[in-house]
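Please look over the structure below before reading the notes. They are written for someone new to this kind of model.

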Amino acid sequence: MSSRKIFVLFIAFLLTMGVALSACAPPEEAKDEEVEEKEDEEPVVENPAVERPNELIIGGTDLDGIFNPVLYSTAYDAWVIGMMYDTLLTVDENGELTTDQRSIAKDYEISDDGLEYTFYLREGWKFHDGVEVTAEDVAFTLEVTAHPDYDGPRASWSDNIVGVDEYRAGETDELEGVIVEDDYTLTVKSQEPDAGDIFDYSTYALPKHYYEFDDYEEIHDLTNDPMGSGPFQLVEYSPDEHAILEPFEDYYHGEPELDRIIYEEIETEQQIPMVETAEADIVAVSSTPENYEMLQEEDHQETITFLDNSYSYIGLNHQNEHLQHQEVRQALAYAIDIESFIEGMYGEELARPMATPFSPVSWAYPNEDQLNFYEYDPDKANELLEEAGYEWDENEEYRYNEDGERLSIVWETLADNEWSEHLTTLALEQWPQIGVDLELESYEFNTLVDRVNVEKRGEVDMWNMAWSLATDPDPSNIFSVQYADDGWNMGYYHNEEAEELMEEGIRTFDQDDRAEVYNELALLLNKDLPYIFVYSSKDLWSVNNRVENFEPSAWQAFSWNIHEWEITEYQE
């Protein structure tokens, strides 16, 4: 019985006792007693959401509509994908791999030399069309990321598999290092030891019978018509409006309690109103002090907040004639008051400055005393630009390099995004003080992602976004030169010392030893600035009181236990 129902019954019991007692008391005393009891009663919380059916409404950022685990590129598509697809292994609340929760694998083994991984799948796990999940499907998923025509962002999943180079070159039709032992046993062989391989290989299971193709482009045709093995399946997607999912009756852990999930795409300014009116059951709210305070006034919801495994950054194109110089990157970092930006945007409780690509919640996060947080210092910034050979013009309006090129930067930013607007406005005020000619261009989120990652890859001077980080802290797929042309190194960063440390980090399996390597790497990147690291914020969620078992955390995707979510009060 829910606590709400227990409370209602308890009040009913008190009221019944009040009538009985008043019958035995003189009229005056009975009247006083009734007034006293009414004053003691707690106010009833009105919750408009209980008038809705057993359907859960989520209010979130716009979807890109790429509902395929090997092709998506936004965290918001990942939210929906997490409802529909399962993985071999999952991550617990401490960031450790587990075979519990929604893990398809019941067990796994890693050879002593770190070169062979064997997964043992559970029997009876089904895809949405009723076909059983087998090792063939997991093998197929890895093969897609190794395909010669693969154009998604997860090539790293198969980069270290034996025979991948020959497979990608089209010299063979078989990926040698992926071995289907039987229907429920898969072995994956690595070329070299890599501590992150276990995270790459314990991947999703794409149904081979559904996604198999003759022409690679065919797999793109199914991004809006996905099929997984998770607790929910997509029944409708309307771009710029919503995605609707319904429960999978034959889900391995049993049919979910919810009748339907509706993901509503909403604008930032709609977040709080949707909470106030209870139009949505779960809302991802922008982390601002104002929003946090307003949520405290809404008794029909619970506010959940935690420091996320993520960070926001200003991306830099290292092929740019100005940004390729470390002194210029450092000058820009010193010349923007990040601390004031964070305080004004998030207050003291909801965010913290970042100076490294390792999250504060990770075991790889270094000792902060060793880090330079580039506190606002325009004098230091001007000094660095002088060292780099940038001189003022005669009017001291702009700086020019030794080739007579003005220090001009075009910053491509997110339109209708509060933190982007605050940050870029601050840069427009402060960077001209050190002679920077800054121009802003604003784009819708998915358009900006496409420009930076695909359409104008290598041409965008500067941009701002955020990374939702993987459980394993290896930053190679963001900063290694091998992912510059095809991967997440969209700024074409290249530092040989960093390459060596990233390589050492993935070759080291002991966590304490890896932490030492990543501490050294953190200090190097803190100085060299592949990005200007901005902040790590706390996630801010509003969940209606009628929802139970919604338990997001820094390590677990918000839908990690979606099969257990329940709505306790609703209209039939």
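Predicted model: local features only at pLDDT ≥ 70, side-chain atom pairs only at ≥ 80, totals over all residues.

1. Residues are numbered from 1 along each chain as its sequence is written, and side-chain values use heavy atoms, with hydrogens and water left out.

2. A search of the whole structure finds 36 aromatic pairs. Rings of Phe, Tyr and Trp (its six-membered ring) pair if their centres lie within 6.5 Å; planes under 30 degrees apart count as stacked, over 60 as edge-to-face and the rest as tilted.

3. The ring centres of F67 and Y237 are 5.1 Å apart and their planes stand at 85 degrees, so this pair is edge-to-face. The pair links distant parts of the chain, 170 residues apart: F67 is in the loop between β1 (55–60) and α3 (75–84), and Y237 is in strand β8. Helices (H or I, at least four residues) and strands (E, at least two) are DSSP runs, numbered from the N terminus. F67 counts as buried at 0% relative accessibility, and Y237 counts as buried at 16%. Here buried means under 20% relative accessible area, exposed over 50%, and partly exposed in between (1.4 Å probe, protein chains only).

4. F358 and Y518 form a tilted pair, 5.3 Å centre to centre with 40 degrees between the planes. This pair also links distant parts of the chain, 160 residues apart: F358 is in the loop between β14 (351–353) and α12 (378–387), and Y518 is in helix α17 (residues 511–528). Both F358 and Y518 are buried.

5. One aromatic cluster is formed by Y76, W79, Y263, F445, W541, F550, F558 and W565.

6. Which phi value does D240 have? Phi of D240 is near 70 degrees, a positive value in a residue other than glycine. D240 lies in the loop between β8 and β9 (242–247) and is exposed, with a relative accessible area of 60%.

7. Y374 is not a glycine, yet has a positive phi of about 50 degrees. Y374 lies in the loop between β14 and α12 and counts as buried, at 7% relative accessibility.
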